[in-house]
Amino acid sequence: MQRQLADKNRKLATFRLGEDLFGLVPAAYPPFEETRAKIELANSLYALYTDVVSSVQQYKTMPLPAVGARIDEVRAEVLAFRTKLGGLPQELRAFSAAEQAGQMIKEVLELLPLLGLLTHRAMRARHWQQVQVVLQTVLETDAAGFCAATLLAAGLRGGGAALHVHAPS
């Protein structure tokens, strides 16, 4: 679709050059302009959606200590995504891609405070044991692949409120 739009834009530019060359009054092409505007809006939604999906996937697969070190940066980036999503026209926010991106953003923003607590320098083995009890699973916190996705797979979202009770202060 992008290639077709680029081809149409090139043809329009050629037509405009011809009109200028021969001193003709520039013709209006309302259907084309309307279609181009809609495609550009859809592209902006698609770009935002792919950025959100790739960033969230990156956050989930990042080692947990790295997330803790970058938590403010991650929060700022996710808030920027939320602002961009809110700035989209209403007709685009009705698309499932916008709704899915909004849900991913909401989930990350809900998870960040817990990740901040779990990556706090005061976390000790006994705290992780309590987290394992709340999540009813065994976590290999020393493993190289220990990341947010591991915690999500263990059900962190469901046990989040209980974790606040056991989190270090």
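## A nonpolar core and its packed helices

Within the largest nonpolar core, which has 36 residues, V52, L115, W128, L139 and L151 touch the most other members. A nonpolar core here is a set of buried Ala, Val, Leu, Ile, Met, Phe, Trp, Tyr and Cys residues joined through side-chain atoms within 4.5 Å; buried means under 20% relative accessible area, exposed over 50%, and partly exposed in between (1.4 Å probe, protein chains only). This is a predicted model, where local features need pLDDT of at least 70 and side-chain atom pairs count only at pLDDT 80 or more, while totals for chains, interfaces and linings use all residues. Residues are numbered from 1 along each chain as its sequence is written, and side-chain values use heavy atoms, with hydrogens and water left out.

- Two or more core residues come from each of α2 (30–61), α3 (64–69), α4 (71–86), α6 (96–118), α7 (125–135) and α8 (148–153); helices are DSSP runs (H or I, at least four residues), numbered from the N terminus.
- Helix α6 gives the largest share, ten residues.
- L139 is in contact (heavy atoms within 4.5 Å) with W128, V131, Q132, F146, T150, L151 and A154, leaving aside neighbours within four places in sequence.

**α4 against α6**
- These two helices, α4 and α6, pack at about 155° with axes 10 Å apart; axes are lines fitted to C-alpha atoms over the stretch in contact, and angles run from 0 to 180 degrees between N-to-C directions.
- On the α4 side, I71, V74, R75, V78, L79, F81, R82 and L85 meet A98, A101, G102, I105, V108, L109, L112, P113, L115 and G116 of α6.
- By class, this contact of α4 with α6 has 14 nonpolar, two polar and two charged residues; Ala, Val, Leu, Ile, Met, Phe, Trp, Tyr, Cys and Pro count as nonpolar, Asp, Glu, Lys and Arg as charged, and the others, Gly among them, as polar.

**α2 against α4**
- The axes of α2 and α4 come within 11 Å and cross at roughly 160°.
- Helices α2 and α4 are therefore roughly antiparallel to each other.
- Their contact joins L48, D51, V52, S55 and Y59 of α2 to V74, E77, V78, F81, K84 and L85 of α4.

**K106**
- K106 sits in helix α6 and counts as partly exposed, at 45% relative accessibility.
- S55 and K106 are 51 residues apart in sequence and 14 Å apart in space, C-alpha to C-alpha.

Notes
Parallel < 35°, antiparallel > 145°, perpendicular 65-115°, else oblique.
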